[in-house]
Amino acid sequence: MSGQGPATYISDQETKVDFLRNDAIAKTIVTLVTERDDRPITIGVHGDWGAGKSSVLEMVESGVVARNDKGLLCLKFNGWQFQGFEDAKIALIEGVVTELIAKRSLMETFKVEATNILKQVNWLKAARRVGGLALNYFAGLPSPDQIASLFSLVKDKLTDPATFVTPENAKAVADELNQLWKPEADTRSVPDEIREFQAAFSTLLKKANVTRLVVLVDDLDRCLPETAIETLEAIRLFVLLPRTAFIIGADEAMIEYAVRRHFPELPDGGKWRDYPKAYLEKLIQVPFRIPAMGETETRIYVTMLLVAAQIGEDAVEFDMLLKVAHDRLSEPWRRRSIEEGDVKEVLGPKYSEAVKNAVVMGGRIAPLLARGTSGNPRQVKRFINALNLRLKVSNARGFGGKIDSQVLAKIMLAERYLPEHVFNHFAQASAAAKDGISLDLQQAEQQKRAAKTDAKDQDGSQDGMGQNQVTAEWITRPDVARWLTLEPQLGKLDLQPYLFVINDSKSFLGADDTLSPNLLGLLEKLCGGEVAARSAKAAVGSLNDAEVVALFKEIRSRALSEQDLAQKPDSLIGLTELVSAHNAFDLQYVEVLSELPPKKLGPWAAAGHEKAVKSDAARTRLNQVKASWKLHGGAALKAALEVGNRSSKRS
């Protein structure tokens, strides 16, 4: 098999090449904003981080430009780029205005309106500063930042900024600033100025012959909550203006979180519970949500990415294959992917051994990638890039010839998407074996494959027979069981070369993990039962962080290899004693609990963790683990958890 992976780095940024038929969303948006009357419209493009929102906005821009209508004007605003600016509201307003003026700079007919609108923006900027100062004035003293900001505006009027650090002088400066920006005799309020700005902006659009202004707002979900909310508030300024269309790309969950942060006193329950969602719905008139990829879509996506990396997105043959992909995606209910034969037929002479290996690998890794990444395109790209990077590094180090890309891909799937104790177990076993072979992995693969063709194993009547407890637990987990059936088989291979390749994240080879005699003595005490563990309390309390890490690692390994969990094992008694003396490790303690097989746990697991779990974060995580145990645990554990739940409610 070839050791080569993707030929080039795959960009995980937005793209105009549509691999997933998201052009259907983009085309619908273009129709909505271009084929309607002058009424304003706001559209949301929602999806998780990396789902493809930015790519959809790119397609919308291309679609608007393709209309070749001089009355259509498309502008882009990236909220993340303006993070840290003094005022995100003003940044968006000023950005829209200045880019509009720049796009119509050759038109003589609207220069007066352009000057007027810029004056309005300047007034809004000044009003923002004055308003901020006024709020602090009524509360007490202005902040140093506001003093500096005001001083920069009126430096020709002041000689010593230190003289206005009293409420009286602050008010005087605010009054003076108002006079600077309002030489007219009449008094104008902020609402009046906003109405004037909206009127001036509407006039500007007419004079610039803009029949529809389309503003693409991206990356709001990357912003801090304050920036996200300020940007949305600025958009509200335009929502009532004719001829405008705002398309906002954002993850609803992140925006709802920002709203809740912006209104921290909102009650948690009752009618206020859904307020953050209602806030977004009030602003967004037409929401679109990008669906997550299923297994078939992920396989098509992975195949197209890998083929593009080999022959290039600009190749005619790739465009032909993309049409095949779109045809398959047009009928997703048929679950037809792109097979090796399809690629060979379409590419013709460009179908090489490297392309073949890429397509075969894509078909193998897609099922677990679909689950592991939750169908997220960016996560899929990053997995492929990580695989490619490791292959290139191994080639540069001189042992690339010993590395099969498909074997490495399967190992990385386990590393990233299987429970940590499963991956660590077979990796450590391979590292310790002279031949680099993990016998447990070999046995698990063989028995899982045999179970697929053995009817008795399929119905569970012989489940676990002939297995040790480690492999029995692996086979009963659907995610691990599915990984075991993937090609190629790893159980008969020397995995030590691959452990060197993945040592950029964790080293299994070459490290000296031997405990000192003192720590070995403490380890035996901690794992020697409740009385012995308590006798080590003073010695445990005097350990430094490095010693605690070493002991924690060893006890954790013992705890995860325990076969009888009906009673609390001695290893967990020792871990409790260790963490109770070093509370910084309480979250790691809970993670160990989360890795234990729920169905094997006895009633002891329902309580008794208070000695080790102290921090709020660890308590929250423990509650999540217990919730999982209620779903997946045995009857005795579920009953114990229910009793504990009722007791806590009474108390």
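Colleague: Which residue in β4 is the bridge partner of valine 215?
Modeller: Phenylalanine 246. This is a predicted model, where local features need pLDDT of at least 70, side-chain atom pairs count only at pLDDT 80 or more, and totals for chains, interfaces and linings use all residues. Residues are numbered from 1 along each chain as its sequence is written, and side-chain values use heavy atoms, with hydrogens and water left out.

Colleague: In what sense do β3 and β4 pair?
Modeller: Strand β3 (residues 212-218) pairs with strand β4 (residues 244-250) in the parallel sense, over 5 bridges. Strands (E, at least two residues) and helices (H or I, at least four) are DSSP runs, numbered from the N terminus. Two strands pair if DSSP finds at least two bridges between them.

Colleague: And what is the order of the strands in the open sheet?
Modeller: The order is β2-β3-β4-β1-β5, 5 strands with parallel pairing. β2 (72-78) and β5 (286-289) are the edge strands, each pairing on one side only.

Colleague: Different topic. At what angle do the axes of α27 and α28 cross?
Modeller: Roughly 165 degrees, and the axes of α27 (residues 570-581) and α28 (residues 586-595) come within 10 Å. Axes are lines fitted to C-alpha atoms, for helices over the stretch in contact, and angles run from 0 to 180 degrees between N-to-C directions. The two helices are therefore roughly antiparallel, a label for angles over 145 degrees.

Colleague: Which residues of α27 make the contact?
Modeller: Leu572, Leu575, Thr576 and Val579. On α28, Asp586, Tyr589, Val592 and Leu593 take part. Contact means heavy atoms within 4.5 Å.

Conventions: Parallel < 35°, antiparallel > 145°, perpendicular 65-115°, else oblique.
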